[in-house]
Amino acid sequence: MYTQTVMDHFKNPRNVGVIESADGVGEVGNPVCGDMMTFYIKVKENVIEDVKFQTFGCGAAIAVSSMVSEMAKGKTLEEASQITNKKVAEALEGLPKQKMHCSNLGADALHKAIEDFKMKKEGTAYKPTPKKCYCPFCDVENPNEAEFCTGCGKGLEDEHEHGH
Amino acid sequence: MAVIYTDHVAAMPIHSKVYESMVPYFKEFYGNPSSIHEDGEKAREALEEARGKVARLIGAQDEEIIFTSCGTESNNLALKGIALAHQAKGKEVIISGIEHFSIMHCANALEKAGFHITRLPVDQYGMVDPDAVERAISPQTILVSVMHSNPEVGTIEPIAEIGRITRAKKVLFHTDAVDSVGNIPVDVNELNVDLLSLAGSTFYGPKGAGALYIRKGVKIQPLLDGGIQERGLRAGTENVPAIVGMGVAADLAREEIPQRMSYLKGLAGRLTEDLPKGIPYIRFLGHPTRRLPGIVSVAVEYIEGEAMLLFMDMEGVRISSGSACISRSLKVSHVMLAMGVDAATAQGSLLFSFGMQNKPEDVDHILQVLPPIVERLRNMSPVYRKAMAKKA
């Protein structure tokens, strides 16, 4: 079901934990919908010096969080903001289609942590890139509040209720 | 690494005697039971012998058994076949909220075709209230279908009581007994049922053979049109080797059910008793006493089931879970939601289903490897961290 890279990150997730005095914290998802991720970042001179995460979720969710933490560490805030869920999935050499929507939230959680940091430290609201929404059935990209998938026509209303 | 298979509700190995009984029917006695020459006759005899064995297992008469390809087909034939044959009387069908997909989705299809479906609620143990069935029956009700036992949580339903009500009200009653037959005593007359689904693959028989018991005199419309196999109720050449295997499995089950039950109860009982000693914040699902003997259904709070399942797999232990993350529909188990288990808790559900190949040491191994896996996942769970902060 999962690629070797996914299994590697699932078995040995990098950067698991909590940063008590984090500069930014971002949280996405909820346990009811299946996956929840919390990211903590420590920022020094515009660079993500340290990153830790906690995740409630399936193998894919844990691997995604781990991969995002590795991709973000040592990057500038601008570079880290460019990390997308799609790039994370590519770095993991692919995720099962049905997991793209629900478990691939790591980049969103990271962006929220960066946003939190900017709001706290600079007092300026960070504007995240518009969130993308992929159909859990056929993986086609859809507008965020789409009622039906433009790709396969399946109803998406329930899927949006997940809060991401 | 030794594999500990505890996912018998998904699939189980066939009994070696069952396997041996099937082999000649692939190469030696390959005749078509519908042929009238000697080779056909041999296959027909084997088919009828198997019918007798399956009938005896559930206290039915031979001619009340219709062979199908699986439990799902039996359930489809029961629901759709009865609905189509009796729609002149009324278009109301009653099912429970914890049925297998093959009942649930059949009911959805009937609903689309203009039938009215009532879905009965269950209590916290997944139990249907017979009084609720009585209240739900109207003059237009043609069929009630409640499963005999639920494989996800193990609960055994009060089928005989429900059957008394449907009989008094002159409404047909079907039970999906796929997970019961061959595992616990099932008698169609004691249960007061008119139709009953079973499958050989749930009692050490092969996949590909099922049956529907149809009480004598009950009218039903076939779903497959074709030849006149199975009294015209199920067209298509019979899967003779699989049906022969199911017959032998039925005979073995009839002899061994008491021993099997007490053995499996012992394994499940010890896991249920000892698991809470190594893992805090867990709860067992399903009825505490009225349950299938080999099933332990447990919700581990604050973590998700697929992650546990994958780590257990790496330790050689094969299990299942009601988590949304392992279902293709990405929906949490409807059985658990119907029982009032909140979705977050259902995400952390694990299902152990023991079989006769399991050994007491298997329980030891599970008790040894699961607690560290749970601890590891809880240590990386933001939900656990929040819950513990709240408790502190």
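B:G205 lies in the loop between β7 (195-199) and β8 (210-214) of chain B, strands being DSSP runs of E of at least two residues and helices runs of H or I of at least four, numbered from the N terminus. The model is predicted: local features need pLDDT of at least 70, side-chain atom pairs count only at pLDDT 80 or more, and totals for chains, interfaces and linings use all residues. Residues are numbered from 1 along each chain as its sequence is written, and side-chain values use heavy atoms, without hydrogens and water.

With 1% relative accessibility, B:G205 counts as buried, a class defined as under 20% relative accessible area (1.4 Å probe, protein chains only). Leaving aside residues up to four places away in sequence, B:G205 touches B:I14, B:V18, B:G200 and B:A249; contact means heavy atoms within 4.5 Å. The C-alpha atoms of B:G205 and B:P13 are 7.8 Å apart, although 192 residues separate the two in sequence.

| Item | Value |
|---|---|
| Residues from chain B | 24 residues |
| Residues from chain A | 32 residues |
| Buried area, chain B and chain A | about 2200 Å² |
| Share of buried area on carbon and sulfur atoms | 64% |

Buried area is the accessible area (1.4 Å probe) that two parts lose on being put together, summed over both. Three salt bridges are found across this interface, the rule requiring a side-chain nitrogen of Lys or Arg within 4 Å of a carboxyl oxygen of Asp or Glu. A:E20 forms a salt bridge with B:R385, with the closest N and O atoms 3.7 Å apart. On chain B, α9 (305-314), α11 (343-347), α12 (360-379) and α13 (382-391) each supply at least two residues of the side that touches chain A. The most comes from α9(B), with five residues.

Note on methods: Chains lettered and ligands numbered in written order. Buried < 20%, exposed > 50% of the residue type's maximum accessible area, 1.4 Å probe, protein only.
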